[in-house]
Amino acid sequence: MSYDNILVAVDLSSESRAVLDSARSVTARTGGRIHLVTVVKPLTQVYGGLDMAPIASGAISFEEEAGTQARQQLENLAEEYGIDRNDVHVILGAPGPEIRELARSTRADLIVIGSHGRHGLSMLLGSTANAVLHDAGCNVLAVRLNFDEE
Ligand code: AMP
């Protein structure tokens with residue numbers, strides 16, 4: 001099976017290269033274009049139980065700054081992996097739904113995402129991988145991360 005349009009989701013942690021390396025091993029065999037995305041979470045989402053209204057103006061600048069830094073880091077990764085700058089996406093929102101939506105709008109036929117071994121419901125998949133797999137409109141490659149810690 002070959003893939004033409006691959007969406008790679010990274011959280012800009014040190015594990016991002018493992019996810020990108022797996023995507024590249026797919027394109028090395030079959031070709032295909034890589035879109036690269038990171039999703040910046042709004043402060044209100046990160047601290048969902050707290051009322052962030054008193055620092056609303058600060059929250060806006062927090063998100064702008066986070067978005068600027070995320071874009072810079074993502075563009076550096078894209079350059080390292082030979083991904084076109086136009087195929088780099090920084091989105092503000094909730095990672096799971098935003099990755100699924102971008103997969104639809106870019107007509108991705110494969111999503112590549114990291115997967116942590118954790119406890120309980122997310123034991124086999126990380127929470128974001130779980131959210132993406134649920135209702136994804138295409139195949140999903142879950143790249144197993146942190147093998148050593150289990
Ligand atoms: P986690 O949900 O923390 O277990 O993350 C697992 C994987 O989901 C990461 O390795 C990324 O591939 C993806 N991911 C998590 N958070 C984000 C994010 N904010 N933006 C894009 N991808 C993400």
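Let's start with β2. This strand gives the most to the shell around the ligand, with three residues. A word of caution: we are looking at a predicted model.

Which elements each supply at least two residues of that shell? They are β2, at 33–40, α4, at 95–105, β4, at 110–115, and α5, at 127–133.

Now the shell itself. How many residues surround the ligand? There are 16, and the closest are Ala-9, Val-39, Gly-114, His-116 and Thr-128. Sort the shell by class, and you get eight nonpolar, six polar and two charged residues.

Take Thr-128: an N or O atom in its side chain is 2.7 Å from an oxygen atom of the ligand. With Val-39, the backbone is involved. One of its polar backbone atoms is 2.8 Å from a nitrogen atom of the ligand. Val-10 also uses its backbone: an N or O atom there lies 3.4 Å from a ligand nitrogen.

So how much of the ligand does the protein cover? On its own, the ligand has 480 Å² of accessible area, and the protein covers 91% of that.

Now step back to the pocket. The ligand takes up the space of the largest pocket. The volume of this pocket is about 560 Å³. Its lining counts 28 residues, and those nearest the centre are Val-10, Asp-11, Leu-12, Pro-95 and Thr-128. Two or more lining residues come from each of α1 (16–30), β2, α3 (56–80), α4, β4 and α5. By class, the lining has 14 nonpolar, ten polar and four charged residues.

Notes
Residues are numbered from 1 along each chain as its sequence is written. This is a predicted model: local features need pLDDT of at least 70, side-chain atom pairs count only at pLDDT 80 or more; totals for chains, interfaces and linings use all residues. Side-chain values use heavy atoms; hydrogens and water are left out. A residue is near a molecule or strand if one of its heavy atoms lies within 4 Å of it. A polar contact is a pair of N or O atoms within 3.5 Å; within protein, one must be able to donate a hydrogen and the other to accept it, and residues adjacent in sequence count only if both atoms are side-chain atoms. Accessible areas come from the Shrake-Rupley method with a 1.4 Å probe; for residues, only the protein chains shown count as cover. On a 1 Å grid over the protein atoms alone, a cavity is a set of points where a 1.4 Å probe fits but cannot get out, and a pocket is an open set with protein on both sides within 12 Å along at least five of seven lines; lining residues have an atom within 4 Å of a point. A molecule sits in a cavity or pocket if more than half of its atoms lie within 2 Å of its grid points. Helices (H or I, at least four residues) and strands (E, at least two) are DSSP runs, numbered from the N terminus. Ala, Val, Leu, Ile, Met, Phe, Trp, Tyr, Cys and Pro count as nonpolar, Asp, Glu, Lys and Arg as charged, and the others, Gly among them, as polar. Grid points are joined across faces, edges and corners, and a volume is the space filled by probe spheres set on the points.
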